[in-house]
Amino acid sequence: MTLRKLAVGLLAFFAVPISLGAAPNPAWTRLFPPFRIAGNLYYVGSEDLASYLIVTPQGLILINSSYETNVPMIRKC
């Protein structure tokens, strides 16, 4: 077996599990109702990906906005 055939075989072997694992979980983009955790700290994420909002007099701080597609959903909270 040539080195090229071995490399192609290994690439195919590892590409299948990676592509299967890359399927997005629907709960990652499904809105979970926001709630206060404590004081000025709020949970504002999706069902499975947490995002946290800290409310201060100077403005809002968002920690972990998760996916770019989730940002508009978080802003609506």
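Modeller: Helices (H or I, at least four residues) and strands (E, at least two) are DSSP runs, numbered from the N terminus. Two strands pair if DSSP finds at least two bridges between them. This is a predicted model, in which local features need pLDDT of at least 70, side-chain atom pairs count only at pLDDT 80 or more, and totals for chains, interfaces and linings use all residues. Residues are numbered from 1 along each chain as its sequence is written, and side-chain values use heavy atoms, with hydrogens and water left out.

Biologist: Which pattern does the protein follow along the sequence?

Modeller: Count the elements first. There are two helices and four strands. Read along the sequence, they give the pattern α-β-β-β-β-α.

Biologist: In what order do the four strands form the open sheet?

Modeller: Strands of a sheet pair through backbone hydrogen bonds, either parallel or antiparallel. Here the pairing is antiparallel. Three bridges join β1 (residues 35-38) to β2 (residues 41-43), and three join β2 to β3 (residues 52-56). The order is β1-β2-β3-β4.

Biologist: Which are the edge strands?

Modeller: An edge strand pairs on one side only. From one strand to the next, the twist averages 30 degrees, where axes are lines fitted to C-alpha atoms, for helices over the stretch in contact, and angles run from 0 to 180 degrees between N-to-C directions. The edges are β1 and β4 (59-63).

Biologist: In the hairpin of β1 and β2, which turn residue has a positive phi?

Modeller: Two residues lie between these strands. A phi of about 55 degrees belongs to G39.

Biologist: Which residue in β3 stands opposite Y43?

Modeller: β2 and β3 run antiparallel. Y43 faces a residue in β3, and that residue is Y52.

Biologist: How many of the 77 residues, in percent, count as buried?

Modeller: Buried means under 20% relative accessible area, exposed over 50%, partly exposed in between (1.4 Å probe, protein chains only). By that rule the buried share is 13%.

Biologist: What accessible area does the nonpolar patch have together?

Modeller: Patches are made of residues with over 30% relative accessible area and no salt bridge: like charges are joined within 9 Å, nonpolar side chains (Val, Leu, Ile, Met, Phe, Trp, Tyr) within 5 Å. The members are F32, F35, I37, Y52, I61 and I63, and the elements giving two or more of them are β1 and β4. Areas come from the Shrake-Rupley method with a 1.4 Å probe; for residues, only the protein chains shown count as cover. The patch totals about 490 Å².

Biologist: Is F35 buried or partly exposed?

Modeller: F35 lies in strand β1. Its relative accessible area is 39%, so F35 is partly exposed.

Biologist: Which side chains meet in a salt bridge?

Modeller: A salt bridge is a side-chain nitrogen of Lys or Arg within 4 Å of a carboxyl oxygen of Asp or Glu. The structure holds one. It links the loop between α1 (3-21) and β1 to the loop between β2 and β3, 17 residues apart. At 3.0 Å, N to O, the partners are R30 and E47.

Biologist: With which residues is S66 in contact, leaving aside its neighbours within four places in sequence?

Modeller: S66 is found in the loop between β4 and α2 (71-76). Contact means heavy atoms within 4.5 Å. S66 and S51 are 15 residues apart in sequence, yet 6.9 Å apart in space, C-alpha to C-alpha. The contacts are L49 and S51.
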